[in-house]
Amino acid sequence: MSEDQDDIILSELDDDELVPQMFDDLYDGLREEIEEGVTILLGRGWTPYDVLTKALVGGMTIVGNDFRDGILFVPEVLLAANAMKGGMAILKPLLAETGAPRVGKMVIGTVKGDIHDIGKNLVGMMMEGAGFEVVDLGINNSVDAYLDALAAEDADILGMSALLTTTMPYMKVVIDTLIEKGLREDYIVLVGGAPLNEEFGKAIGADAYCRDAAVAVETAKTFVARKHNSGAQA
Ligand code: B12
């Protein structure tokens with residue numbers, strides 16, 4: 001960024017200046033500055049959710065666009081992702097601190113061949129914040145990894161993330177295996193990731209495609225309530 005970077009004192013900026021500055025810092029992969037910005041906004045009474053969506057996700061969107069357009073390359077994006085993770089680590093316990101009763105359990109992971117995990121992590125954090133128990137399998141998950149975890153954890157929800165057009169078809173492999181084993185109806189299957197859409201979600205037999213973490217939470221709540229209601233009638 002600019003040579004003036006060192007001279008900027010984040011705490012002296014108004015919110016209107018601080019958020020764009022955080023976009024720049026995220027772009028430049030400055031993890032400590034992002035952590036400081038997050039702390040300042042929280043100190044000013046911002047909700048963890050607003051810090052996440054307005055400052056961090058907002059900044060990551062710019063990074064994403066420039067990566068797409070060939071302005072940024074993998075090393076820079078990795079640094080930005082690392083800075084984003086620094087901010088998310090501060091927000092995670094706060095988002096989870098709702099004291100809400102456990103409403104359900106989700107096993108979530110990025111599919112085989114795919115190492116993108118920022119969106120998945122966000123979904124996991126938001127789900128925890130909404131009172132769900134979340135078991136995060138990380139990246140590059142095989143069918144067996146998903147199935148083993150679902151059984152071991154006695155989960156209600158399977159969440160799969162894919163960011164590549166080459167890895168998204170693997171979600172169907174997982175769902176087809178659930179069907180083969182007669183397990184499909186045991187789980188609510190939610191899928192997400194930038195290249196997916198609703199049509200794809202339907203085509204592979206997921207219960208729902210969720211475009212972002214907030215939609216994931218709402219969708220999960222709706223499905224879990226439906227599952228519990230139908231269980232009560234049975
Ligand atoms: C950051 C990033 C990386 C980082 C990943 C770091 C990390 N730890 O995740 C690095 C640099 C490692 C990387 C690598 C690569 N990347 Co990349 N990457 C991105 C980038 C810029 C941002 C992704 C991101 O984090 N977005 C922010 C989060 C918050 O958004 P999100 O992931 O979409 O998640 C939200 C929703 O989708 C949804 N969601 C996501 N998952 C789930 C799961 C569930 C269950 C639910 C309900 C909802 C949900 O909720 C989330 C939160 O709101 C995107 C561009 C983009 N516009 O998406 C490219 C992008 C995905 N990458 C791309 C490519 C090509 C690659 C590489 C192949 C590059 C290369 N040549 O090596 C490698 C792939 C390596 C691999 N095998 O996986 C392409 C994919 C193109 C395609 N059509 O397939 C993109 C689209 C960039 C582009 N336009 O070219 N990448």
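**Note on the ligand site**

1. The shell around the ligand holds 19 nonpolar, 9 polar and 7 charged residues. Keep in mind that this is a predicted model.

2. Where does the ligand sit? The space it takes is the largest pocket. Several elements give two or more residues to the shell. The helices are α3 (48-68), α4 (74-96), α5 (118-129) and α9 (213-233). The strands are β3 (157-161) and β4 (188-192).

3. Both domain 1 (3-98) and domain 2 (105-233) take part. Each gives at least three residues to the shell around the ligand.

4. Which residues come nearest to the ligand? Among the 35 around it, they are I115, H116, D117, S161 and T165.

5. Look at H116 with care. It lies in the loop between β1 (105-110) and α5.

6. Now check D117 and G193. An N or O atom in the D117 side chain is 2.7 Å from a ligand nitrogen atom. At G193 the backbone is involved: one of its polar atoms is 3.3 Å from an oxygen atom of the ligand.

Key
Residues numbered from 1 in each chain as written. Predicted model: local features only at pLDDT ≥ 70, side-chain atom pairs only at ≥ 80, totals over all residues. Heavy atoms only, no water. Near = heavy atom within 4 Å. Polar contact = N/O pair within 3.5 Å; in protein donor to acceptor, adjacent residues only side chain to side chain. 1 Å grid on protein atoms, 1.4 Å probe; cavity = no way out; pocket = protein on both sides within 12 Å on 5 of 7 lines; lining within 4 Å. Sits in = over half its atoms within 2 Å of the grid points. Helix = DSSP H or I, 4+ residues; strand = E, 2+ residues; numbered from the N terminus. Nonpolar A, V, L, I, M, F, W, Y, C, P; charged D, E, K, R; others polar. Domains from an automatic or database assignment.
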